Amino acid sequence: MQLRNRLYRAPVLEGAGDGPDAAESYAKQFVPNARAGVALIIQGSACVMPEGRTSPGMTLVHTRDRVLAMAPMVDAVHAEGAAIVLQLGHGGIFAMEAWHEPYASQRGGPILAASKVPLVLRPSFRGVPVHVLTTAEVHELAARFADAAGWAREAGYDGVQLGSANAKLLDQFLSPFYNRRTDEFGGSLEGRARILRVIRDQVAARAGADFPCLVKVPSEVSLPGFPRATADDALRLCRVVEEWGFDAVTPVEVSVFPDTTLSRGGVPSSLWEQKAMRTRFEKAAPSRTRRWSVMAGSWLGAKRAPFRPVWNRDLFAAATRVVDIPVFAVGGIRTAAEAEAIVARGEADMVGIGRPFYAEPDLPARILGESAPDTPGLCESSNLCVPAQLLGMKGVCYNPAVRKKGQ
């Protein structure tokens with residue numbers, strides 16, 4: 001994959017959903033980004049199975065027809081000079097079928113898990129059927145990822161990325177907090193990560209060994225006393241996935257819980273303060289206990305992880321020193337000066353920005369041609385976009401102050 005510069009749009013949930021207009025919805029967001037000069041777009045997590053999305057806004061890629069329907073959008077991005085990669089994933093125990101109505105009451109099967117739900121989380125899963133994947137089923141899951149990669153190549157995508165962070169199913173295999181398996185997919189770090197190796201081998205067999213396969217590697221934060229993947233574990237895993245044939249790595253610091261540690265910034269208060277969003281939330285989670293659980297997690301995650309510029313710097317810079325494959329930087333990068341410094345210091349090979357694209361579709365033009373490199377963009381990292389992602393709404397900025405500035 002050859003790219004025209006080192007700026008990429010990091011994967012966020014675009015809210016395109018799974019309807020017949022999904023490709024058009026993606027095009028409306030991605031084509032202006034490509035026209036503004038971004039080199040690469042990573043399309044936010046698409047689900048490889050008919051159940052397992054974490055939000056109604058996610059797209060299913062469980063059939064060839066679903067993936068090939070994206071081809072016109074992919075062609076439009078290419079026409080503007082950018083490359084595009086499809087991120088593949090599955091929500092595991094945090095799939096919306098666990099709680100989000102009407103999907104929970106209409107679920108076709110149990111929630112899939114790497115191991116039994118951790119004891120501390122079991123009250124939240126009371127009454128929810130959970131199935132721990134057998135060894136054979138893990139291999140079948142890997143084949144699902146490989147099939148989607150093969151179809152992605154047919155549709156013209158430039159590669160795939162495994163959504164193996166952010167407390168999703170692949171991360172649940174990687175994390176000692178979730179994974180207590182005793183088969184080939186558990187135990188040591190290499191055992192817990194073995195699912196990545198099986199997927200990589202099957203992607204090569206299905207889509208071709210020359211089809212780029214990228215991967216995210218998590219370093220976890222948690223409450224005291226709980227097991228987690230440390231930064232040292234993440235660096236070791238970076239070396240392991242390089243040996244297994246992955247083409248690029250994105251090291252990220254995330255929480256073991258699916259909270260705003262991922263995005264950092266303000267409390268996503270629109271979930272309970274904004275009337276229309278609150279109404280959606282009440283319909284999606286009729287249980288008051290469930291709503292309080294989600295709100296408490298959102299509030300606590302934001303308080304534990306306030307915004308800090310370039311918060312992943314230590315991790316991605318260290319990864320660059322231990323691997324020879326490209327390292328993708330992401331996390332709190334907001335100005336041209338920050339982006340230029342990362343590249344100039346050799347701390348990473350690609351610089352990614354996510355949420356600010358919601359507020360500024362033409363963000364690449366500002367970053368790549370900034371005359372005042374320290375000028376902040378419109379995004380205030382308020383996290384008011386996070387509830388919208390959760391509820392399946394469009395991926396746009398929901399901060400009234402920012403939207404007013406951007407008029």
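Q: At what angle do helix α1 and helix α3 pack in this predicted model?
A: Welcome to this structure, which is a predicted model. Two packed helices are described by the angle between their axes and the distance between the axes. Here helix α1 covers residues 22-35 and helix α3 covers residues 71-79, with their axes 9 Å apart. The two helices pack at an angle of about 10°.

Q: Is α1 roughly parallel or roughly antiparallel to α3?
A: The angle between helix α1 and helix α3 is about 10°. Angles under 35 degrees count as roughly parallel. Therefore α1 is, relative to α3, roughly parallel.

Q: Which class of residue, nonpolar, polar or charged, makes the contact of α1 with α3?
A: From α1 come A23, Y26, A27, F30, V31 and A34, and from α3 come M73, A76 and V77. By class, the contact has no polar and no charged residues. The nine residues there are nonpolar.

Q: Is Y8 buried or exposed?
A: Buried means under 20% relative accessible area. Y8 has 1% relative accessibility, so Y8 counts as buried.

Q: What kind of aromatic pair do F94 and Y178 form?
A: F94 lies in the loop between β4 and β5, while Y178 lies in the loop between α5 and α6, 84 residues apart. Both F94 and Y178 are buried. Their ring centres are 6.1 Å apart and their planes stand at 85°, and planes over 60 degrees apart count as edge-to-face. So the pair is edge-to-face.

Q: Which residue lies over the face of F246?
A: Here an arginine meets an aromatic ring, at 5.9 Å from the ring centre. The residue over the face of F246 is R200.

Q: Is R334 buried or exposed?
A: R334 sits in the loop between β10 and α13. Not counting residues up to four places away in sequence, R334 touches F307, R355, P356, R366, I367, G377, C379 and S381. At 14% relative accessibility, under the 20% limit, R334 counts as buried.

Note on methods:
Residues are numbered from 1 along each chain as its sequence is written. This is a predicted model: local features need pLDDT of at least 70, side-chain atom pairs count only at pLDDT 80 or more; totals for chains, interfaces and linings use all residues. Side-chain values use heavy atoms; hydrogens and water are left out. Axes are lines fitted to C-alpha atoms, for helices over the stretch in contact, and angles run from 0 to 180 degrees between N-to-C directions. Helices (H or I, at least four residues) and strands (E, at least two) are DSSP runs, numbered from the N terminus. Angles under 35 degrees count as roughly parallel, over 145 as roughly antiparallel, 65 to 115 as roughly perpendicular and the rest as oblique. Contact means heavy atoms within 4.5 Å. Ala, Val, Leu, Ile, Met, Phe, Trp, Tyr, Cys and Pro count as nonpolar, Asp, Glu, Lys and Arg as charged, and the others, Gly among them, as polar. Buried means under 20% relative accessible area, exposed over 50%, partly exposed in between (1.4 Å probe, protein chains only). Rings of Phe, Tyr and Trp (its six-membered ring) pair if their centres lie within 6.5 Å; planes under 30 degrees apart count as stacked, over 60 as edge-to-face and the rest as tilted. A charge sits over a ring if NZ of Lys or CZ of Arg is within 6 Å of the ring centre and within 35 degrees of the ring normal.
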